[in-house]
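I am keeping these notes while I look through a structure with the sequence beside me. Each entry records what I looked up and what I found.

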Amino acid sequence: MSDASPTPAELEAFRSEVRAWLAENAPEGIRGLPSSIEGQGNWGGRRATYDPPEMKDWLDRMAEKGWTAPIWPTGYGGGGLSKAMALVLAQEIAREKLPPALLGFGLEMIGPTILQFGTEEQKRDHLPKITRGEIRWCQGYSEPDSGSDLASLQTRAVRDGDDFIVNGTKVWTSYGDQADWIFCLVRTDPAAKKQEGITFLLIDMETPGISVRPIQLISGKSPFCETIFDDVRVPVKNAVSEIDAGWTVAKALLGFERAMIADAFGASRGGGKKKKEGQGSQLVQLARQYGFGNGGALTDGVLRDEIAALEMDERAFHLTVQRSRDAAKAGHRPGPESSLFKVYATELNKDRHELSVRIAGAQGLGWDGPGYDDDEIALTRAWLRSRGNSIEGGTSEIQLNIIAKRVLGLPD
Amino acid sequence: MQLVLTEDQELLAKTAADWVSEHSPVSRVRALRDAKDPDGFSRDLWKQMAELGWVGIPFPETLGGAEMGLSELAVVLEELGRGLAPEPFLSTVLLGGQALLLAGSEAQRKDWLEGVVAGEKLLALAQQERGSRFDLHRVATRAAAAGGSYRLSGEKIAVLDGAAADAIIVVARTDGAEDASEGITLFLVPAGTPGLRVERQTRVDSRGAALVQLEGCEIGADGVLGGVGEGLSVLETVCERATVGLCAEMLGSMSEAFERTLEYLKQRTQFGVPIGSFQALKHRAADVFIQIELCRSSVMAAARALDEADPEASKLVSLAKARCSDGAIQVANEAVQMHGGIGMTDEHEIGFFLKRARVAELTLGDASWHRDRWARLAGY
């Protein structure tokens, strides 16, 4: 990332450059394709399929410009842009209704972590492959007995010459069945204090001894897997940072993960592209569709109040995100407000889904079969899936602990 | 809209914060209460605030004002809110002053607002009635045309600083049914006008509020503010500005109450440890922190939206007041609860924050009134 902030004139010049390049290079067939952090969109990797095939052209052209990882250094496949320029790029891509060329944990989580902590060799080995969408990553953090108390993890890595021998089980490895590499927390010193004996390891999923089993959620199918390591041999040079010093790396990556989740639930949208409110809003339309009146005030005053309250909470949240961004643009250090993004965004998303199901009433209960259309089934499943939002990436309770300790300075 | 303070605004905030810590500790509110002060505030300090230029912030330079926006006024009011300063910004600068500024004739503005900006004249707005709740269009007070003048009859409640005011702007009906939008007129009624009876009320926050009786109070045509029957739209604009000012004050008060509570959580020991180490309290404190941050964003957005005539300004005003109403009560309730027994004593200051929070919550529309308004503005 370049340090100097660009002038408004430079930003506008860059905007023109981006527009011209997009006009030349964005394939027509991909315009309007959906994209999100769960499932849809292009995640790359050895097993990636490109539908429509132009998606691959879009990826290759963007990667060649370094624009799949716009703020990473150019030497590792990035674009070397400032954050302000990267924002312009994202705005122009959104304006043209183009999907992101590439998504995933490589760009959002392990890439920034390797940039911060990795050796030169690790940066050269891994970062360019991430930016080109050649390697897809998954996360090996949680274990069956280690959820919120992550540092209690038990997966063992025992030194054997230039290798570690890894044994143990990781859960919630999202897309573990489609990933090429996994970044893993392993215990290298069982005698040390629990945070001090952990090492951060990069492991090729094709190594013998690794098996992956999908996990079914209460909402039906899911991207989550269980990943089992049975005498898996991993070169010692695949450790990121020092051996036994992986906890610091792990926490930094959790910060990147929280930011990614908050973004996925609207923290990147700011005041500009918020959800539609009022007459055109999804909740009001749902209420009209399910019998609460075709015009004017909704016929159920309590429901109307709940919809207004949720819309207002969402607006207040987006204004807070905007405030944080405006402060950053004005050169202020990040304020305490950013610590609330993950917990509040995910709690709001749960509230929205719950309210949607209640508005749909009996039509919000379908699992399958006759009497329910696709939208109704999706509504129900999305509600069930949303219950996990305040668990994954650090539970809301853990987020509140972090705020109490780091922002409010309350004692342990 | 930029949700960040400019350098000038930061400077203003610093000046106001320093002034509050030097001149306006919360103990002043207790002293005014215990002395049964007829005004409920200090005229000397009000004069100082005028000299500092704060009273004149939202008035034009031609009247001696600073011609700045609500965003600037909000910065000052937030700091004053930290000290629970009871001086008459809401009544004189925002309600009465803005009504005169928006609807007054050249002569009326000159007669009254120069004195207001100088800190010499005080105003009030008599709008609310026993039957009106927070609705601005529900006006039962009548103004009957009699020759060239009007005779006002009716009752107004909770008239902020009504007993101290040199003139009260009275909202009365010249025409139409009690809940009609048309037919509402504003009258400028100087203190001491025959037929105007003003009684100081005592409320939980000990600030000045008055019960106003109008019994055939005769006002000449030169006492009409703006067009006859056209008062409602003026009133709506005035109340939006006043609401944002009130929200800024509430933001300051809740921030202060929370910071005092955090200190207490760190210092109070039970079972051999600071009570702030208990997770049940940590999570509630973190939740309060989140609510205050959301309030801050909403208040900043509403002030800027009004200053910039943003088409969404009305909705953002309701967002700010709904949030601050709920937020202020949550913070104040938690503040008393977390202080435990000492928080219930009159000797401790945290109770003053609870009392002011409740009054502010129920002034210019509570949370549910503003959610209803939001839904209405949004078309559902």
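Which residues in H1(B) meet which residues in H4(B)? I found that B:Gln9, B:Leu12, B:Ala13, B:Ala16, B:Ala17 and B:Val20 in H1(B) meet B:Ser71, B:Glu72, B:Val75, B:Val76, B:Glu79, B:Leu80 and B:Arg82 in H4(B), where a contact requires C-beta atoms, placed from the backbone, within 7 Å. Helices here are DSSP runs of H or I with at least four residues, numbered from the N terminus.

Before going on, I noted that this is a predicted model, in which local features need pLDDT of at least 70 and side-chain atom pairs count only at pLDDT 80 or more, while totals for chains, interfaces and linings use all residues. Residues are numbered from 1 along each chain as its sequence is written, and chains are lettered from A and ligands numbered from 1 in the order in which they are written.

**Entry: the helix pair**

I looked up the geometry and found that H1 (residues 7-23) and H4 (residues 70-82) of chain B pack at an angle of about 25°, with their axes 9 Å apart. The two helices are therefore roughly parallel, a term for angles under 35 degrees. I sorted the residues of this contact into eight nonpolar, two polar and three charged, with Ala, Val, Leu, Ile, Met, Phe, Trp, Tyr, Cys and Pro as nonpolar, Asp, Glu, Lys and Arg as charged, and the others, Gly among them, as polar.

I then checked B:Leu11, which lies in helix H1 of chain B. B:Leu11 counts as exposed because it has 12 C-beta neighbours inside 10 Å; the cut-off for exposed is 12 or fewer, and for buried 20 or more.

**Entry: between the chains**

I found 34 residues of chain A in contact with 31 residues of chain B. On the side of chain A that touches chain B, H8(A) supplies the largest share, 14 residues.

Methods: Contact = placed C-beta atoms within 7 Å. Axes fitted to C-alpha atoms, helices over the stretch in contact; angles between N-to-C directions. Parallel < 35°, antiparallel > 145°, perpendicular 65-115°, else oblique.
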